[in-house]
Amino acid sequence: YYFNETFVSLSPFYTKFFKWQYSARLMRRKGGNCLMRKHFTKQFIEDALFELLKTKPIQNVTITELVQRAGVSKASFYRNFLDINSVINEYLNKVFGNLYEICPINPANIELSIKVVLDHIYQHKDRLLILRKNNLLSNMDSFLFDCTLEEITRNKVLDNKYQPYFFTGATVGFISSWIKYDFSDSSDVMAKYFVRSLNGYMKFN
């Protein structure tokens, strides 16, 4: 398959599918870098899985169906993932595992820091809502908890060794409820709610 402008009139999925096929074949033809091929393969599989999850529960998705939709082989799938659930876990880790590397929490401007973090999460709104609909967000909490605990501990703005765990749990609940309520409030509003909730507990400059 070679992508050109004639595919623009196709449905969004098939337009994307032919682009995938074109990218994969172009990399092979040019002897593309192995890491780059791995990245594209994993992205194709992730994209295909979310397309399927729009219309069916994960237990009804087969590896055969997934790799056909992604335009990759079963061998390529198993080189990158253990099973279908591991695709979801890798996506959640990508979104939440290093959340504060995007914008480390700055106690001098906590609201701005939190807003940048929430903006990042909001960019994944559609896929996170698909996961919520399919009850596939259970591992989100562990990724979010670990990175939040590390960030709060690093800032040393709390009074005792237990408070980082207290506020980490609260942060996980705060973000989980935002997803539960379909992101009904903007990241700006949520950042203000977050800071108000911290008043009297954290020592801001």
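The chain contains 11 helices and 0 strands, where helices (H or I, at least four residues) and strands (E, at least two) are DSSP runs numbered from the N terminus. Read along the sequence, the pattern is accordingly α-α-α-α-α-α-α-α-α-α-α. The structure is a predicted model, in which local features need pLDDT of at least 70 and side-chain atom pairs count only at pLDDT 80 or more, whereas totals for chains, interfaces and linings use all residues. Residues are numbered from 1 along each chain as its sequence is written, and side-chain values use heavy atoms, with hydrogens and water left out.

Of the 205 residues of the chain, 44% count as buried, a class that means under 20% relative accessible area, with exposed meaning over 50% and partly exposed in between (1.4 Å probe, protein chains only). Among contacts between residues at least 6 apart in sequence, 63% join residues at least 24 apart, contact being defined as heavy atoms within 4.5 Å.

Two helix pairs that share helix 10 were examined in turn. The axes of helix 9 (residues 140–155) and helix 10 (residues 163–180) come within 9 Å and cross at roughly 135°; here axes are lines fitted to C-alpha atoms, for helices over the stretch in contact, and angles run from 0 to 180 degrees between N-to-C directions. Helix 9 is therefore oblique to helix 10, given that angles under 35 degrees count as roughly parallel, over 145 as roughly antiparallel, 65 to 115 as roughly perpendicular and the rest as oblique. The crossing of helix 9 and helix 10 is right-handed, a crossing being right-handed if the near helix is turned clockwise from the far one by less than a right angle, and left-handed if anticlockwise. On the side of helix 9 the contact is made by M140, D141, L144, F145, T148, L149, I152 and T153, and on the side of helix 10 by P164, Y165, F167, T168, G169, T171, V172, I175, S176 and I179. By class, this contact of helix 9 with helix 10 has 11 nonpolar, 6 polar and 1 charged residues, where Ala, Val, Leu, Ile, Met, Phe, Trp, Tyr, Cys and Pro count as nonpolar, Asp, Glu, Lys and Arg as charged, and the others, Gly among them, as polar. T168, which is found in helix 10, counts as buried at 0% relative accessibility. Apart from its neighbours within four places in sequence, T168 is in contact with F145, T148, L149 and I152.

Helix 10 also packs with helix 11 (residues 187–198), at an angle of about 155° and with the axes 12 Å apart, which means that helix 10 is roughly antiparallel to helix 11. The crossing of helix 10 and helix 11 is likewise right-handed. In this pair, F167, T171, F174 and W178 of helix 10 meet S187, M190, Y193, F194 and L198 of helix 11, and by class the contact has 7 nonpolar, 2 polar and no charged residues.

A search of the whole structure finds 9 aromatic pairs, with rings of Phe, Tyr and Trp (its six-membered ring) taken to pair if their centres lie within 6.5 Å, and with planes under 30 degrees apart counted as stacked, over 60 as edge-to-face and the rest as tilted. The rings of F77 and Y78 have their centres 5.2 Å apart and their planes at 90°, so the pair is edge-to-face. F77 is buried, with a relative accessible area of 0%, whereas Y78 is partly exposed, at 49%. The pair of F166 and F167 is also edge-to-face, because the ring centres are 5.1 Å apart and the planes stand at 90°. Within this pair, F166 is exposed, with a relative accessible area of 54%, and F167 counts as buried at 5% relative accessibility.

In helix 8 (residues 125–133), L128, L129, I130 and L131 are buried, and just after helix 8, N135 takes a positive phi of about 55°. E65 has its place in helix 3 (residues 63–70) and is partly exposed, with a relative accessible area of 23%. Leaving aside neighbours within four places in sequence, E65 is in contact with L52, K56 and N60; the C-alpha atoms of E65 and L52, 13 residues apart along the chain, are separated by 9.0 Å. D83 is found in the loop between helix 4 (74–80) and helix 5 (84–97) and is partly exposed, with a relative accessible area of 31%.
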